[in-house]
Amino acid sequence: TQPVHVREHHCAKLEDNPNLPLTHIGERNQGKKMIEGDRELSAMTQELWDNDINRLRPGIDYRISLQGKAGDLAGIDDCNDGAGLPLFTFVDENIFKKETFLAFISLLDNYESATGEPEIVTPEEELENHKFLDSIIKTPTMKIAHKYLVKKHLSPEKTADFKKQLYQIWFELYARRGSSKPDSSGFEHVFVGETRGGHTVIGFHNWIQLYLQEKLGHIDYKGYSASAKSPQPDENKHMLALQFSWKNGIKPKGSIFLGVSPEFEFALYTLCFLTSPNERVKVSFDVYEVEIVCHHYNQKHIGTTYPVLVKYLNV
(Lines give C-alpha, C1' and ligand atoms only; values in the text may rest on other atoms or scores of the structure.)
Protein backbone atom coordinates (compact mmCIF):
# COMPACT_ATOMS: atom_id res chain seq x y z
CA THR A 1 0.00 0.00 0.00
CA GLN A 2 1.28 3.46 -0.84
CA PRO A 3 1.97 5.78 2.08
CA VAL A 4 -0.83 8.24 2.59
CA HIS A 5 1.21 11.35 1.82
CA VAL A 6 2.25 10.36 -1.70
CA ARG A 7 -1.16 9.37 -2.92
CA GLU A 8 -2.76 11.85 -5.28
CA HIS A 9 -6.44 12.18 -6.05
CA HIS A 10 -7.67 13.93 -9.15
CA CYS A 11 -10.79 15.91 -8.49
CA ALA A 12 -11.17 18.25 -11.40
CA LYS A 13 -14.65 17.07 -12.29
CA LEU A 14 -17.47 16.65 -9.84
CA GLU A 15 -20.34 15.99 -12.21
CA ASP A 16 -22.10 12.67 -11.82
CA ASN A 17 -20.97 11.37 -15.16
CA PRO A 18 -20.31 7.64 -15.19
CA ASN A 19 -18.42 8.10 -18.49
CA LEU A 20 -15.80 10.51 -17.13
CA PRO A 21 -12.28 9.84 -18.40
CA LEU A 22 -10.12 7.83 -16.05
CA THR A 23 -7.40 10.30 -15.24
CA HIS A 24 -5.31 8.38 -12.74
CA ILE A 25 -2.14 6.78 -14.03
CA GLY A 26 -3.04 3.55 -12.25
CA GLU A 27 -6.16 3.26 -14.40
CA ARG A 28 -4.16 3.53 -17.61
CA ASN A 29 -1.66 1.03 -16.34
CA GLN A 30 -4.09 -1.75 -15.47
CA GLY A 31 -1.40 -3.54 -13.51
CA LYS A 32 -1.40 -6.40 -11.07
CA LYS A 33 -1.33 -4.03 -8.09
CA MET A 34 -4.67 -2.51 -8.98
CA ILE A 35 -6.27 -5.94 -9.44
CA GLU A 36 -4.92 -7.04 -6.04
CA GLY A 37 -6.37 -3.87 -4.51
CA ASP A 38 -9.74 -4.61 -6.07
CA ARG A 39 -9.66 -8.16 -4.72
CA GLU A 40 -8.91 -6.94 -1.21
CA LEU A 41 -11.60 -4.28 -1.40
CA SER A 42 -14.06 -6.88 -2.72
CA ALA A 43 -13.38 -9.07 0.31
CA MET A 44 -13.94 -6.05 2.57
CA THR A 45 -17.17 -5.13 0.74
CA GLN A 46 -18.41 -8.70 1.16
CA GLU A 47 -17.67 -8.49 4.88
CA LEU A 48 -19.57 -5.19 5.14
CA TRP A 49 -22.47 -6.73 3.21
CA ASP A 50 -22.57 -9.84 5.41
CA ASN A 51 -22.66 -7.66 8.53
CA ASP A 52 -25.26 -5.17 7.34
CA ILE A 53 -27.80 -6.37 9.89
CA ASN A 54 -30.20 -3.48 9.21
CA ARG A 55 -30.56 -4.14 5.47
CA LEU A 56 -34.14 -4.42 4.22
CA ARG A 57 -35.33 -7.44 2.25
CA PRO A 58 -36.73 -6.77 -1.22
CA GLY A 59 -40.32 -7.96 -1.63
CA ILE A 60 -40.73 -8.24 2.16
CA ASP A 61 -39.58 -5.00 3.85
CA TYR A 62 -39.98 -2.93 0.70
CA ARG A 63 -41.32 -3.34 -2.82
CA ILE A 64 -40.61 -1.38 -5.99
CA SER A 65 -42.37 -1.19 -9.35
CA LEU A 66 -39.86 -0.87 -12.19
CA GLN A 67 -42.42 -0.26 -14.96
CA GLY A 68 -40.89 0.93 -18.25
CA LYS A 69 -37.51 2.08 -19.42
CA ALA A 70 -36.91 5.84 -19.21
CA GLY A 71 -36.54 7.85 -22.41
CA ASP A 72 -33.15 9.24 -23.35
CA LEU A 73 -33.83 12.89 -22.64
CA ALA A 74 -37.04 13.10 -20.69
CA GLY A 75 -37.92 16.51 -19.29
CA ILE A 76 -40.07 17.35 -16.29
CA ASP A 77 -43.40 16.81 -18.05
CA ASP A 78 -42.12 14.67 -20.87
CA CYS A 79 -43.95 12.06 -22.89
CA ASN A 80 -40.75 9.96 -22.61
CA ASP A 81 -41.82 9.11 -19.07
CA GLY A 82 -41.57 5.32 -18.83
CA ALA A 83 -43.39 5.08 -15.51
CA GLY A 84 -46.82 6.42 -14.66
CA LEU A 85 -46.68 5.20 -11.08
CA PRO A 86 -44.25 5.75 -8.19
CA LEU A 87 -41.13 3.58 -7.88
CA PHE A 88 -41.86 2.48 -4.30
CA THR A 89 -45.09 0.58 -3.75
CA PHE A 90 -44.36 -0.34 -0.12
CA VAL A 91 -41.75 0.34 2.58
CA ASP A 92 -42.03 -0.95 6.14
CA GLU A 93 -41.44 2.34 7.94
CA ASN A 94 -40.95 0.63 11.31
CA ILE A 95 -37.36 0.14 10.11
CA PHE A 96 -36.97 3.93 10.09
CA LYS A 97 -37.29 3.83 13.89
CA LYS A 98 -33.94 2.07 14.17
CA GLU A 99 -31.25 4.33 15.60
CA THR A 100 -29.09 4.82 12.50
CA PHE A 101 -32.10 5.31 10.19
CA LEU A 102 -33.65 7.81 12.61
CA ALA A 103 -30.39 9.77 12.92
CA PHE A 104 -29.87 9.68 9.13
CA ILE A 105 -33.38 10.90 8.31
CA SER A 106 -33.02 13.81 10.74
CA LEU A 107 -30.17 15.15 8.53
CA LEU A 108 -32.08 15.15 5.26
CA ASP A 109 -33.91 18.45 5.83
CA ASN A 110 -30.80 20.39 6.91
CA TYR A 111 -29.72 21.51 3.44
CA GLU A 112 -30.41 24.15 0.80
CA SER A 113 -30.59 22.13 -2.43
CA ALA A 114 -29.53 24.87 -4.87
CA THR A 115 -25.77 25.01 -5.50
CA GLY A 116 -24.47 28.53 -5.13
CA GLU A 117 -26.69 29.10 -2.10
CA PRO A 118 -24.39 29.19 0.95
CA GLU A 119 -25.12 26.58 3.58
CA ILE A 120 -25.73 27.82 7.12
CA VAL A 121 -25.07 25.09 9.66
CA THR A 122 -26.95 25.75 12.90
CA PRO A 123 -25.67 24.37 16.25
CA GLU A 124 -28.67 22.03 16.26
CA GLU A 125 -27.74 20.68 12.82
CA GLU A 126 -24.15 20.19 13.89
CA LEU A 127 -25.40 18.21 16.86
CA GLU A 128 -27.49 16.05 14.51
CA ASN A 129 -24.39 15.37 12.36
CA HIS A 130 -22.49 14.20 15.45
CA LYS A 131 -25.43 12.13 16.65
CA PHE A 132 -25.56 10.37 13.29
CA LEU A 133 -21.82 9.62 13.35
CA ASP A 134 -22.11 8.37 16.95
CA SER A 135 -24.91 6.01 15.91
CA ILE A 136 -23.13 4.50 12.90
CA ILE A 137 -19.68 4.16 14.52
CA LYS A 138 -21.23 1.57 16.88
CA THR A 139 -22.53 -0.64 14.04
CA PRO A 140 -20.76 -3.82 12.88
CA THR A 141 -20.19 -2.42 9.37
CA MET A 142 -18.45 0.75 10.54
CA LYS A 143 -16.40 -1.18 13.12
CA ILE A 144 -15.16 -3.50 10.35
CA ALA A 145 -14.31 -0.54 8.10
CA HIS A 146 -12.53 1.29 10.94
CA LYS A 147 -10.45 -1.75 11.93
CA TYR A 148 -9.33 -2.23 8.32
CA LEU A 149 -8.47 1.47 7.83
CA VAL A 150 -6.42 1.47 11.06
CA LYS A 151 -4.53 -1.62 9.85
CA LYS A 152 -3.76 0.23 6.61
CA HIS A 153 -2.63 3.35 8.51
CA LEU A 154 -5.36 5.37 6.80
CA SER A 155 -7.45 6.19 9.88
CA PRO A 156 -6.65 6.97 13.51
CA GLU A 157 -7.24 4.19 16.03
CA LYS A 158 -9.11 6.25 18.62
CA THR A 159 -12.85 6.36 17.94
CA ALA A 160 -13.04 10.11 18.69
CA ASP A 161 -10.28 10.83 16.16
CA PHE A 162 -11.88 8.54 13.56
CA LYS A 163 -15.12 10.44 14.03
CA LYS A 164 -13.28 13.72 13.38
CA GLN A 165 -11.89 12.23 10.17
CA LEU A 166 -15.38 11.15 9.08
CA TYR A 167 -16.73 14.63 9.86
CA GLN A 168 -14.11 16.24 7.63
CA ILE A 169 -14.69 13.82 4.77
CA TRP A 170 -18.48 14.01 4.80
CA PHE A 171 -19.73 17.13 6.59
CA GLU A 172 -17.20 19.94 6.20
CA LEU A 173 -18.50 22.47 3.70
CA TYR A 174 -16.76 23.48 0.48
CA ALA A 175 -17.61 25.56 -2.59
CA ARG A 176 -18.84 23.40 -5.45
CA ARG A 177 -17.95 24.45 -8.99
CA GLY A 178 -19.20 27.93 -9.91
CA SER A 179 -19.75 29.02 -6.33
CA SER A 180 -17.62 31.40 -4.28
CA LYS A 181 -19.09 30.44 -0.90
CA PRO A 182 -19.25 27.07 0.87
CA ASP A 183 -22.47 25.61 -0.53
CA SER A 184 -21.94 21.86 -0.48
CA SER A 185 -20.65 18.84 1.39
CA GLY A 186 -20.07 15.20 0.54
CA PHE A 187 -23.05 14.18 2.62
CA GLU A 188 -25.40 16.70 1.02
CA HIS A 189 -24.36 15.81 -2.50
CA VAL A 190 -24.43 12.02 -2.19
CA PHE A 191 -27.26 11.40 0.24
CA VAL A 192 -29.54 14.45 -0.04
CA GLY A 193 -29.08 15.73 -3.59
CA GLU A 194 -28.54 19.19 -5.06
CA THR A 195 -29.82 21.20 -8.00
CA ARG A 196 -27.67 23.13 -10.44
CA GLY A 197 -29.07 26.01 -12.47
CA GLY A 198 -32.55 25.09 -11.26
CA HIS A 199 -32.96 22.39 -13.92
CA THR A 200 -30.38 19.68 -13.24
CA VAL A 201 -30.28 17.35 -10.26
CA ILE A 202 -26.76 16.40 -9.19
CA GLY A 203 -25.79 13.78 -6.62
CA PHE A 204 -28.87 12.24 -4.93
CA HIS A 205 -27.75 8.62 -4.66
CA ASN A 206 -29.74 7.41 -1.68
CA TRP A 207 -32.85 5.26 -1.67
CA ILE A 208 -34.24 6.54 1.67
CA GLN A 209 -34.19 10.15 0.48
CA LEU A 210 -35.72 9.00 -2.83
CA TYR A 211 -38.53 7.18 -1.03
CA LEU A 212 -39.29 10.03 1.38
CA GLN A 213 -39.23 12.68 -1.36
CA GLU A 214 -41.43 10.53 -3.60
CA LYS A 215 -43.89 10.11 -0.74
CA LEU A 216 -44.04 13.92 -0.38
CA GLY A 217 -44.77 14.27 -4.10
CA HIS A 218 -41.42 15.93 -4.93
CA ILE A 219 -40.12 13.02 -7.02
CA ASP A 220 -41.49 11.82 -10.34
CA TYR A 221 -39.93 8.46 -11.22
CA LYS A 222 -39.44 8.31 -15.01
CA GLY A 223 -38.40 4.68 -15.37
CA TYR A 224 -35.29 2.56 -15.12
CA SER A 225 -32.11 3.20 -17.12
CA ALA A 226 -30.52 0.39 -19.11
CA SER A 227 -28.27 0.19 -22.15
CA ALA A 228 -27.54 -2.74 -24.43
CA LYS A 229 -24.45 -3.53 -22.34
CA SER A 230 -25.89 -3.01 -18.85
CA PRO A 231 -27.75 -5.72 -16.93
CA GLN A 232 -31.52 -5.52 -16.88
CA PRO A 233 -32.87 -4.25 -13.56
CA ASP A 234 -34.53 -6.63 -11.14
CA GLU A 235 -37.11 -5.69 -8.51
CA ASN A 236 -35.57 -8.23 -6.13
CA LYS A 237 -32.01 -6.93 -6.37
CA HIS A 238 -30.39 -4.19 -4.29
CA MET A 239 -29.25 -1.92 -7.14
CA LEU A 240 -30.99 0.29 -9.66
CA ALA A 241 -30.11 2.80 -12.39
CA LEU A 242 -33.01 5.18 -12.91
CA GLN A 243 -34.24 8.53 -14.16
CA PHE A 244 -36.36 10.93 -12.11
CA SER A 245 -37.29 14.55 -11.65
CA TRP A 246 -36.97 16.29 -8.28
CA LYS A 247 -38.53 19.66 -7.55
CA ASN A 248 -37.97 21.42 -10.91
CA GLY A 249 -34.87 19.51 -11.96
CA ILE A 250 -34.18 16.31 -13.86
CA LYS A 251 -31.73 13.54 -13.01
CA PRO A 252 -31.18 11.98 -16.45
CA LYS A 253 -29.41 8.95 -15.00
CA GLY A 254 -28.91 8.11 -11.34
CA SER A 255 -27.58 4.97 -9.73
CA ILE A 256 -28.41 3.78 -6.23
CA PHE A 257 -28.28 0.92 -3.78
CA LEU A 258 -31.76 -0.16 -2.65
CA GLY A 259 -32.71 -1.30 0.85
CA VAL A 260 -29.22 -1.05 2.35
CA SER A 261 -28.64 0.67 5.68
CA PRO A 262 -27.09 4.16 5.94
CA GLU A 263 -24.10 2.64 7.77
CA PHE A 264 -23.38 0.21 4.90
CA GLU A 265 -23.13 3.01 2.35
CA PHE A 266 -21.19 5.23 4.71
CA ALA A 267 -18.70 2.45 5.47
CA LEU A 268 -18.27 1.39 1.83
CA TYR A 269 -17.84 4.89 0.43
CA THR A 270 -15.44 5.88 3.21
CA LEU A 271 -13.37 2.76 2.49
CA CYS A 272 -13.22 3.56 -1.23
CA PHE A 273 -12.37 7.21 -0.55
CA LEU A 274 -9.46 6.38 1.76
CA THR A 275 -8.03 3.22 0.19
CA SER A 276 -8.31 3.70 -3.53
CA PRO A 277 -6.10 6.09 -5.48
CA ASN A 278 -8.38 5.43 -8.44
CA GLU A 279 -11.55 7.33 -9.09
CA ARG A 280 -13.31 4.07 -9.84
CA VAL A 281 -12.83 0.75 -8.17
CA LYS A 282 -14.47 -2.52 -9.15
CA VAL A 283 -15.75 -4.71 -6.35
CA SER A 284 -17.50 -8.08 -6.40
CA PHE A 285 -19.76 -9.12 -3.53
CA ASP A 286 -22.88 -11.22 -3.04
CA VAL A 287 -24.36 -11.46 -6.58
CA TYR A 288 -23.04 -8.11 -7.83
CA GLU A 289 -20.06 -6.80 -9.72
CA VAL A 290 -20.11 -3.07 -9.08
CA GLU A 291 -17.97 -0.10 -9.94
CA ILE A 292 -17.78 2.42 -7.11
CA VAL A 293 -17.15 5.85 -8.57
CA CYS A 294 -15.51 8.23 -6.11
CA HIS A 295 -14.47 11.81 -6.86
CA HIS A 296 -12.54 13.81 -4.33
CA TYR A 297 -12.64 17.49 -3.54
CA ASN A 298 -9.24 18.96 -2.56
CA GLN A 299 -8.22 15.47 -1.41
CA LYS A 300 -9.99 16.12 1.91
CA HIS A 301 -13.68 15.72 1.09
CA ILE A 302 -15.95 13.51 -0.96
CA GLY A 303 -17.09 15.31 -4.10
CA THR A 304 -19.37 12.52 -5.24
CA THR A 305 -19.57 8.76 -4.90
CA TYR A 306 -22.05 6.21 -6.20
CA PRO A 307 -22.35 2.59 -7.38
CA VAL A 308 -22.63 1.46 -11.01
CA LEU A 309 -23.83 -2.10 -11.58
CA VAL A 310 -21.52 -3.87 -14.05
CA LYS A 311 -23.16 -7.31 -13.99
CA TYR A 312 -24.84 -9.92 -11.84
CA LEU A 313 -22.53 -12.74 -10.77
CA ASN A 314 -23.48 -16.35 -11.35
CA VAL A 315 -23.21 -17.72 -7.86
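Guide: What follows is a walk through several salt bridges, with a helix at the end.

This is a predicted model, in which local features need pLDDT of at least 70 and side-chain atom pairs count only at pLDDT 80 or more, while totals for chains, interfaces and linings use all residues. Residues are numbered from 1 along each chain as its sequence is written, and side-chain values use heavy atoms, with hydrogens and water left out.

A salt bridge here is a side-chain nitrogen of Lys or Arg within 4 Å of a carboxyl oxygen of Asp or Glu. Searching the whole structure gives twelve of them.

Start with R280 and E291. Their side chains form a salt bridge, with 2.6 Å from N to O. This pair links distant parts of the chain: R280 belongs to strand β8 (residues 280-285) and E291 to strand β9 (residues 288-297), and eleven residues separate them. Strands (E, at least two residues) and helices (H or I, at least four) are DSSP runs, numbered from the N terminus. The side chains of R280 and E291 are also joined by a polar contact of 2.6 Å. That term means a pair of N or O atoms within 3.5 Å; within protein, one must be able to donate a hydrogen and the other to accept it, and residues adjacent in sequence count only if both atoms are side-chain atoms.

Are these two residues buried or exposed? Buried means under 20% relative accessible area, exposed over 50%, and partly exposed in between (1.4 Å probe, protein chains only). R280 has a relative accessibility of 9%, so R280 counts as buried. E291 is buried because its relative accessible area is 18%.

Now take K164 and D161, whose side chains meet in a salt bridge of 4.0 Å, N to O. Both residues lie in helix α6 (residues 159-170), three residues apart, which is about one turn of the helix. K164 is at 60% relative accessibility and therefore counts as exposed, whereas D161, at 30%, counts as partly exposed.

K237 and D234 form another salt bridge, at 3.2 Å from N to O. D234 is partly exposed, because its relative accessible area is 25%. Elsewhere, a network of salt bridges links K282, E289 and K311.

Last comes helix α9 (residues 262-275). Its 14 residues reach 20 Å from the first C-alpha to the last, close to the 20 Å expected at 1.5 Å a residue; the expected span is 1.5 Å times one less than the number of residues. In α9, 14 of the 14 residues are buried, so this helix is largely enclosed by the rest of the structure.
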